[in-house]
Protein chains: 2
Amino acid sequence: MIRIGRLTDYGIIVMTHLAHDPGRVHNAHEVARAAHLKLPTVSKLLRILARTGLLTSHRGINGGYSLARPPQAISVAEVIRALEGPIGLTACTIDSPGECEFEPTCPVRGHWQKINRAIRDALDGVSIAQLAAPAPPAVAGDGLARVGV
Amino acid sequence: MIRIGRLTDYGIIVMTHLAHDPGRVHNAHEVARAAHLKLPTVSKLLRILARTGLLTSHRGINGGYSLARPPQAISVAEVIRALEGPIGLTACTIDSPGECEFEPTCPVRGHWQKINRAIRDALDGVSIAQLAAPAPPAVAGDGLARVGV
DNA sequence: CTGAAACCAGACCGAACTGGTCTCATTTTA
DNA sequence: TAAAATGAGACCAGTTCGGTCTGGTTTCAG
């Protein structure tokens, strides 16, 4: 299975929660409770997301975090990038010249770029506002195969 | 970074190599040499790919492996699925009911399906014949950002 | 008929990575 | 001034993955 870290998965859930009312500041306790996650974990997540610029932090006794931008303007891709770094399936498609020993001879390099591009587009096309939409589409019924690829 | 295993990466390179002349049988040594990979690793890969039905194995002294189908009919997604199992970004989008403790309350589940769908489509749309195409598109020039998402 | 070449299978180990926790410092406001 | 909240990074433990090794089986050439 193609994988994103569990932390990233959590991160998206957290962002989705915040997207429910973008104006308010939410503190870590509240988010942790809402997301059914442990406080230290959520704390770490929020910190990272704030450092990346997706959230704005407010310190002090009535502090917390709020979305730095309207939820329509934050894509799933951005959240993933914040928590996992550049999006790409293979090391060589990221920005790491020389990492792959036989980079010049590798016959599939160019093509990976295309594939990654498609994936990035898919991820870019979904905003967290959409994820937060009140009615998640029914799990079945859209004719997708449930399990296999 | 969203990740596929290194083995899977190798697997795609191997399949691409085989796709160069689909008729012939290639033995493990030859493939290993061509792909710049160690023999035991390639051996393992070929075995898995054969077991999954993507390759046909020929035993005996002049044996080896050949593509089970024409390369146009084998998608990248199939290779990934053979080596990694079902394609999905998160555990809950695979077929594992109950794995996620708060599955019923999870607000983003339905949406993930859509995202995964998009990724699967992207992967399904590329055949290994395309990967084996003689002229990999130049790395730059298609306006893609090189690194960031 | 015999031996070499190739595939078949699975066990196994070491290393890298990641998730998650903990501790301590800093900031702000009631 | 004390409490409540974020900020930062170290650190440990568990898991997963890559890669190797050993041994067995099949087929064909000489």
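This is a predicted model: local features need pLDDT of at least 70, side-chain atom pairs count only at pLDDT 80 or more; totals for chains, interfaces and linings use all residues.

Author: B:His58 stands opposite B:Gly64, a residue of strand S2 of chain B. Strand S1 of chain B, residues 55–58, pairs with S2(B) in the antiparallel sense, over four bridges. Five residues lie between S1(B) and S2(B), which form a hairpin, and in its turn B:Gly60 has a positive phi of about 90°. In a regular strand, side chains alternate between the two faces of the sheet.

Chain A has a hairpin to set beside this one. There, A:His58 has A:Gly64 of S2(A) as its bridge partner. Strand S1 of chain A, residues 55–58, is paired with S2(A) through four bridges, in the antiparallel sense. The hairpin of S1(A) and S2(A) has five residues between its strands, and A:Gly60 in the turn has a positive phi of about 90°.

The surface near DNA strand C takes at least two residues from each of helix H1 (6–20) and H3 of chain A, and from each of helix H2 (28–35), H3 and strand S2 (64–67) of chain B. By type, the residues of this surface are seven nonpolar, 10 polar and seven charged.

DNA strand D has 26 residues around it, and those that come nearest are A:Asn27, A:Ala28, A:Ser57, B:Gly5 and B:Gly60. Two or more residues of the surface near DNA strand D come from each of helix H2 (28–35), helix H3 (39–51) and strand S2 (64–67) of chain A, and from each of helix H1 (6–20) and helix H3 (39–51) of chain B. H3(A) gives the largest share, five residues. Sorted by type, the surface near DNA strand D has eight nonpolar, 10 polar and eight charged residues. B:Gly60, one of the residues nearest to DNA strand D, is the glycine in the turn of the hairpin in chain B.

Between H2 and H3 of each chain there is a loop with a backbone feature to note. In chain B, the loop between H2 and H3 holds B:His36. B:His36 is not a glycine, yet its phi is positive, about 60°. B:His36 counts as exposed because 12 other C-beta atoms lie within 10 Å. In chain A, A:His36 is placed in the loop between H2 and H3. A:His36 also has a positive phi of about 60° although it is not a glycine. A:His36 is exposed because it has 12 C-beta neighbours inside 10 Å.

Chain A has six helices and two strands, and along the sequence they follow the pattern α-α-α-β-β-α-α-α. Of its 149 residues, 37% count as buried. Of the contacts in chain A between residues at least 6 apart in sequence, 59% join residues at least 24 apart.

Apart from neighbours within four places in sequence, B:Val79 is in contact with B:Gly11, B:Ile12, B:Met15, B:Leu54 and B:Ile128.

Helix H5 is the last part to visit. In chain B, helix H5 (residues 109–124) has 16 residues and reaches 22 Å from its first C-alpha to its last, close to the 22 Å expected at 1.5 Å a residue. Its buried residues include B:Trp112, B:Ile115, B:Ile119 and B:Leu123. Among the elements that cover the buried residues of H5(B) are helix H4 (76–84), helix H5 (109–124) and helix H6 (128–131) of chain A, together with helix H4 (76–84) of chain B. In chain A, helix H5 contains A:Ile119. A:Ile119 is buried because 22 other C-beta atoms lie within 10 Å. Leaving aside neighbours within four places in sequence, A:Ile119 is in contact with A:Ile87, B:Ile119 and B:Ala122. A:Ile119 and A:Gly88 are 31 residues apart in sequence, and their C-alpha atoms are 8.4 Å apart in space.

Definitions and conventions. Residues are numbered from 1 along each chain as its sequence is written. Chains are lettered from A and ligands numbered from 1 in the order in which they are written. A residue is near a molecule or strand if its C-beta atom, placed from the backbone, lies within 6 Å of it. Ala, Val, Leu, Ile, Met, Phe, Trp, Tyr, Cys and Pro count as nonpolar, Asp, Glu, Lys and Arg as charged, and the others, Gly among them, as polar. Two strands pair if DSSP finds at least two bridges between them. The expected span of a helix is 1.5 Å times one less than its number of residues. A residue is buried if 20 or more other C-beta atoms lie within 10 Å of its own, exposed if 12 or fewer, and partly exposed in between; C-beta atoms are placed from the backbone. Two residues are in contact if their C-beta atoms, placed from the backbone, lie within 7 Å.
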